[in-house]
Amino acid sequence: MQYLLNGCVIGNMNEWLTLSTSGDLLRIAADELVYAEADGNYTILVLADGDRRLVTLQLGQLERMIAQQMPQASQGYVRIGKSLIVRLEGVRYVHPGKGLLELRNPAGSKYELTASREALKALKEMLERNLK
């Protein structure tokens, strides 16, 4: 769907995640979100340029918003356990035994995260199934 602003087409809005509060608005392109990490009732968004944003959303709320606002791009994100949503394209290394997950952003920056063994085992199995 395309939208008009002052008579000009501004593009396909479902390629963006838009988070709005009473005081501000944050727009994130689908390929800019590297991962999101739960922090209690908040979520930390880590973007491809290294920017980190704390938003007043629980991870489950963010997960639903990604699915609603970015229907095609949402297929490229996965929930890992209770605390993470990651962009699959960025996954470089998964070691369930150590509880270790390594991501890289498009610029090559590395992020080392921890998650439960069970969640990482499920991620590893999902990635292996996609190879076949």
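**A residue in a loop and an open sheet**

Guide: In this predicted model, Asn105 touches Val34, Ala48 and Tyr111, when residues up to four places away in sequence are not counted.

Visitor: Where is the place of Asn105, in terms of the strands β11 and β12?

Guide: Strand β11 covers residues 100-104 and strand β12 covers residues 110-114. The place of Asn105 is in the loop between β11 and β12.

Visitor: Is Asn105 buried or exposed?

Guide: The relative accessible area of Asn105 is 5%, and a residue counts as buried when this value is under 20%. Asn105 is therefore buried.

Visitor: Which side chain is joined to that of Asn105 by a polar contact of 3.2 Å?

Guide: Among the residues that Asn105 touches is Tyr111. The polar contact of 3.2 Å joins the side chain of Asn105 to that of Tyr111.

Visitor: Which strands stand at the edges of the open sheet, each with a single partner strand?

Guide: The open sheet is formed by 5 strands in the order β7-β6-β5-β9-β8, with antiparallel pairing. Each edge strand has a single partner, so one side of each is left without a neighbour in the sheet, and these strands are β7 (52-55) and β8 (77-80).

Visitor: What angle does the direction of helix α1 make with that of β9?

Guide: Helix α1, residues 59-69, packs on the sheet and touches β5, β6 (42-47), β8 and β9. Between the directions of helix α1 and β9, the angle is about 35°.

How values were computed: Residues are numbered from 1 along each chain as its sequence is written. This is a predicted model: local features need pLDDT of at least 70, side-chain atom pairs count only at pLDDT 80 or more; totals for chains, interfaces and linings use all residues. Side-chain values use heavy atoms; hydrogens and water are left out. Helices (H or I, at least four residues) and strands (E, at least two) are DSSP runs, numbered from the N terminus. Buried means under 20% relative accessible area, exposed over 50%, partly exposed in between (1.4 Å probe, protein chains only). A polar contact is a pair of N or O atoms within 3.5 Å; within protein, one must be able to donate a hydrogen and the other to accept it, and residues adjacent in sequence count only if both atoms are side-chain atoms. Contact means heavy atoms within 4.5 Å. Two strands pair if DSSP finds at least two bridges between them. Axes are lines fitted to C-alpha atoms, for helices over the stretch in contact, and angles run from 0 to 180 degrees between N-to-C directions.
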